[in-house]
Structures are given as structure tokens and as C-alpha cells.
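Dear colleague,

Please find below the structure that I am handing over to you. A short account of the findings follows it.

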Amino acid sequence: MTITIHEPSKIVEVALTNAEQTDEAVKKQLNELYAQYKGTKYTVAVFFSGKRDLYEETRSLLLFNRRRAAEKAVQAQKAVGQ
């Protein structure tokens with residue numbers, strides 16, 4: 001478990017590996033961390049490691065967003081031309 005505290009944004013970032021996600025001791029530590037920051041201005045954000053290929057998933061998302069932005073630009077140009 002990796003814990004990073006971002007003071008300016010008041011975020012406690014927790015990153016868990018696949019193995020840690022099912023570990024009862026880690027779950028207990030998380031509950032203690034939640035209790036520690038309850039009632040403070042901090043938000044505890046937990047990130048779970050995925051099982052898919054990060055590179056491929058990110059690439060697919062970026063390509064989708066690029067295509068969608070191009071489609072919207074074409075639609076906007078068509079709307080102006082009409």
C-alpha cells in the first residue's frame with residue numbers, strides 16, 4: 001500500500017496492488033485510515049490496480065477522445081456553414 005498526502009488539495013491518496021486488494025490486514029489499515037481522517041478536511045482516495053494492460057487501455061481512450069473531438073469539430077463547421 002502506497003500512501004501519498006497532498007497537503008494543498010487535502011487529499012490522501014492510497015494505491016493498492018492486486019494482491020493488497022484482497023488482503024484482510026490491508027482492509028483493516030484502510031478502515032483505520034478512514035477513521036483517522038474522518039471529520040477533517042481531507043478526502044481519502046483509494047486507487048485499485050487493474051488487471052488490464054494500462055498502455056493499451058490508455059491508448060484506446062486517447063484515440064477515442066481524439067476521434068470524438070474531430071467529429072465535434074466537423075459538426076460545428078457544418079452548423080456554421082448552414
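In which sense do strand β2 and β3 pair, and over how many bridges? Strand β2 (residues 11–16) and β3 pair in the parallel sense, over six bridges; two strands pair if DSSP finds at least two bridges between them. Helices (H or I, at least four residues) and strands (E, at least two) are DSSP runs, numbered from the N terminus.

This is a predicted model, in which local features need pLDDT of at least 70 and side-chain atom pairs count only at pLDDT 80 or more, while totals for chains, interfaces and linings use all residues. Residues are numbered from 1 along each chain as its sequence is written, and side-chain values use heavy atoms, with hydrogens and water left out.

The open sheet has three strands in the order β1-β2-β3, with mixed pairing. Because β1 (2–6) and β3 (43–48) stand at the edges with a single partner strand each, one side of each is left without a neighbour in the sheet. Within β3, V46 is the bridge partner of V14.

Three salt bridges are counted, each being a side-chain nitrogen of Lys or Arg within 4 Å of a carboxyl oxygen of Asp or Glu. One of them joins K27 and E24 (3.6 Å, N to O); these residues are three apart in helix α2, and so separated by about one helical turn. Another links E57 with R52, their closest N and O atoms being 3.5 Å apart. The side chains of E71 and R68 also meet in a salt bridge (3.4 Å, N to O).

Yours sincerely
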